[in-house]
Amino acid sequence: MNVLGPSFSKTAMLLFMGLMALGVNAQEVEWLSWNEAAQLAKTDKTPKKIFIDVYTDWCGWCKKMDKDTFQNAKVAAYMSKNFYMVKLDGEGKEPIEFKGKTYKFVPSGKKGYHEFAAALMQGRMSYPTTVFLDEEMNMLSPVPGYQKPEPFLNIAKYFGDDIYKEKDWKAYASKGK
């Protein structure tokens, strides 16, 4: 017996089905550690480029970019298809191997920083910074600051679709792709 009435049951069922449909179509980014992405880049027959989100736990703009940009369905789908996605704590304590060198945490000030994050950000310690590497793990570009979904997707496509090989950024950005 339905004490809330038949219209409530139908509404609840439609709402439930709608939420299930959203869940089925939702694309989530699969974040990897640096070591996982580096291993995939070496062993996959057709390796992807690497995307690194350099963040800190205290960075509000990093959290906003996670929520608004990386959880955007179009961004998540494109990035998952074209990049190994890495989350890198700019203040992480674990050593990281990259191109024959070991990068470590450096205590400095109240917190400190990770040498690998500093190298990727070319010494400009700004969070969030997103970094694009090619299939051979060569630096394409660091991109400092919070990015909304659409501008971020344009940047990602510039590197992910190899447009950077034919066109400089200003020419690409000025023509809207």
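## The disulfide

A residue counts as buried when its relative accessible area is under 20%. In this predicted model, both cysteine 59 and cysteine 62 are buried. These two residues are joined by a disulfide, with an S to S distance of 2.4 Å. A disulfide is a covalent bond between the sulfur atoms of two cysteines.

The structure holds one disulfide. The torsion about the S-S bond of cysteine 59 and cysteine 62 is about 85 degrees, and the disulfide is therefore right-handed.

## The nonpolar cores

The largest nonpolar core has 24 residues, and those that touch the most other members are Trp34, Ile50, Ile52, Val54, Leu88 and Phe116. At least two residues of this core come from each of the following: helix H2 (34–43), strand S2 (49–55), strand S3 (83–89), strand S4 (96–98), helix H5 (115–120) and strand S8 (129–133). Helix H2 gives the largest share, with four residues. Another core lies apart from this one; it has 19 residues, including Val29, Phe70, Phe132 and Phe152.

With its neighbours within four places in sequence left aside, isoleucine 52 is in contact with Trp34, Val86, Leu88, Leu120, Thr129, Thr130, Val131 and Leu133.

## Aspartate 53 in strand S2

Is aspartate 53 buried or exposed? Its relative accessible area is 2%, so aspartate 53 is buried. This residue is found in strand S2. When its neighbours within four places in sequence are left aside, aspartate 53 is in contact with Trp31, Asp66, Phe70, Val86, Lys87, Leu88, Pro128, Thr129 and Thr130.

## Salt bridges

Side chains of opposite charge can pair when their charged atoms come close. A search of the whole structure finds six salt bridges. One of them joins the side chains of aspartate 162 and lysine 49, with an N to O distance of 2.7 Å. Aspartate 162 lies in the loop between helix H6 (149–160) and helix H7 (169–174), whereas lysine 49 lies in strand S2, so this pair ties together parts that are 113 residues apart in sequence. Aspartate 162 is partly exposed, because its relative accessibility is 23%. Lysine 49, at 4% relative accessibility, counts as buried.

Aspartate 66 and lysine 87 also form a salt bridge, in which the closest N and O atoms are 2.4 Å apart. Since aspartate 66 lies in helix H3 and lysine 87 in strand S3, the pair ties together parts that are 21 residues apart in sequence. Aspartate 66 has a relative accessible area of 23% and is partly exposed; lysine 87, at 23% relative accessibility, also counts as partly exposed. Through salt bridges that share partners, Lys49, Glu135, Asp162 and Lys165 are joined into one network. A further salt bridge links the side chains of aspartate 68 and lysine 64, at 2.7 Å from N to O. Both of these residues lie in helix H3 (residues 60–70), where aspartate 68 and lysine 64 are four residues apart, about one turn of the helix. Aspartate 68 is partly exposed, with a relative accessible area of 25%, and lysine 64 counts as partly exposed at 36% relative accessibility.

## Helix H6

How does the span of helix H6 agree with its number of residues? At 1.5 Å a residue, the 12 residues of H6 should span 16 Å, and the end C-alpha atoms are 15 Å apart, which agrees. The buried residues of H6 include Phe152, Leu153, Ile155, Ala156, Tyr158, Phe159 and Gly160. Just after H6, aspartate 162 takes a positive phi of about 65 degrees.

## Aromatic pairs

A pair of aromatic rings is described by the distance of the centres and the angle of the planes. The structure holds 22 aromatic pairs. In one of them, the rings of phenylalanine 51 and phenylalanine 70 have centres 5.7 Å apart and planes at 70 degrees, so the pair is edge-to-face. Phenylalanine 51 lies in strand S2 and phenylalanine 70 in helix H3, so this pair ties together parts that are 19 residues apart in sequence. Phenylalanine 51 and phenylalanine 70 are both buried.

The rings of tyrosine 158 and phenylalanine 159 have their centres 5.1 Å apart; their planes are at 75 degrees, so this pair is edge-to-face. Tyrosine 158 and phenylalanine 159 are both buried. Ring pairs link these residues into a cluster whose members are Trp31, Phe51, Phe70, Tyr78, Phe83, Phe132, Phe152, Tyr158, Phe159, Tyr164, Trp169 and Tyr172.

Methods
Residues are numbered from 1 along each chain as its sequence is written. This is a predicted model: local features need pLDDT of at least 70, side-chain atom pairs count only at pLDDT 80 or more; totals for chains, interfaces and linings use all residues. Side-chain values use heavy atoms; hydrogens and water are left out. A nonpolar core is a set of buried Ala, Val, Leu, Ile, Met, Phe, Trp, Tyr and Cys residues joined through side-chain atoms within 4.5 Å. Buried means under 20% relative accessible area, exposed over 50%, partly exposed in between (1.4 Å probe, protein chains only). Contact means heavy atoms within 4.5 Å. A salt bridge is a side-chain nitrogen of Lys or Arg within 4 Å of a carboxyl oxygen of Asp or Glu. The expected span of a helix is 1.5 Å times one less than its number of residues. A disulfide is a pair of cysteine sulfur atoms within 2.5 Å. Rings of Phe, Tyr and Trp (its six-membered ring) pair if their centres lie within 6.5 Å; planes under 30 degrees apart count as stacked, over 60 as edge-to-face and the rest as tilted.
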